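Student: I would like to go through this model's labels one by one. Please set each value against its cut-off.

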Amino acid sequence: IDDQRYGDVGYTSDNSSVNTPLIDWYARKGLILDRHYTAWMCTPTRASFMTGKYPMELGIQHDIFMPNTEECLNEDETLLPEPLKANGYATHLVGKWHLGYARWNCMPCKRGFDTSYGYTQGEIDYMSHQYQYYNDFYTCSYDVETDTLEWEVLPHLADIYSMELYRQR
């Protein structure tokens, strides 16, 4: 839901052409957040969600992390899955990461997630799973006790719609 604006879902829209029945159903059954802030791009919003801090506090309020750079969310920041995991929860990320991938320590499975399944960049083609000209669809897991990171790029899943892959997961 990053990059989503207030009126982009049925339960907040004045436009009858916005049809989001499943999201509207979840809203009726759960909690509606109607007083919150999101950044105008995905990296600052994701970083805020994961740390509980404003993008300005993290120094990343202006843009996204660009591909093939050293950019990475500060490794000293505690991310949401870390206290969850410390309290006995299983932690899994499905979908887009986009918080840096320059070093293994930037990756989701080294930032508190037991497993991750998706892509590292800000966008991929939903069928080929490519960003520009490389495959960016992967799975990873991390074993803290043995300090072992398992990482696998999944090019054999090309031509399967990514949302279907997430649903199967």
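Tutor: Helices (H or I, at least four residues) and strands (E, at least two) are DSSP runs, numbered from the N terminus. Tyr89 lies in the loop between α4 (81-86) and β1 (92-96). The model is predicted: local features need pLDDT of at least 70, side-chain atom pairs count only at pLDDT 80 or more, and totals for chains, interfaces and linings use all residues. Residues are numbered from 1 along each chain as its sequence is written, and side-chain values use heavy atoms, with hydrogens and water left out.

Student: Why is Tyr89 called exposed?

Tutor: Exposed means over 50% relative accessible area, buried under 20%, partly exposed in between (1.4 Å probe, protein chains only). Tyr89 has 53% relative accessibility, so Tyr89 counts as exposed.

Student: What makes the nonpolar surface patch of about 410 Å²?

Tutor: Phe49, Leu80, Leu84 and Tyr89 make the patch. Patch residues have over 30% relative accessible area and no salt bridge; like charges are joined within 9 Å, nonpolar side chains (Val, Leu, Ile, Met, Phe, Trp, Tyr) within 5 Å. The areas come from the Shrake-Rupley method with a 1.4 Å probe; for residues, only the protein chains shown count as cover.

Student: How do you know that Lys53 forms a salt bridge with Glu77?

Tutor: A salt bridge needs a side-chain nitrogen of Lys or Arg within 4 Å of a carboxyl oxygen of Asp or Glu. The closest N and O atoms of Lys53 and Glu77 are 2.8 Å apart, so the pair qualifies. This pair links distant parts of the chain, 24 residues apart: Lys53 is in the loop between α2 (42-51) and α3 (55-58), Glu77 in the loop between α3 and α4.

Student: How many salt bridges does a search of the whole structure find?

Tutor: Six. One pairs Lys85 with Asp114 at 2.8 Å, N to O.
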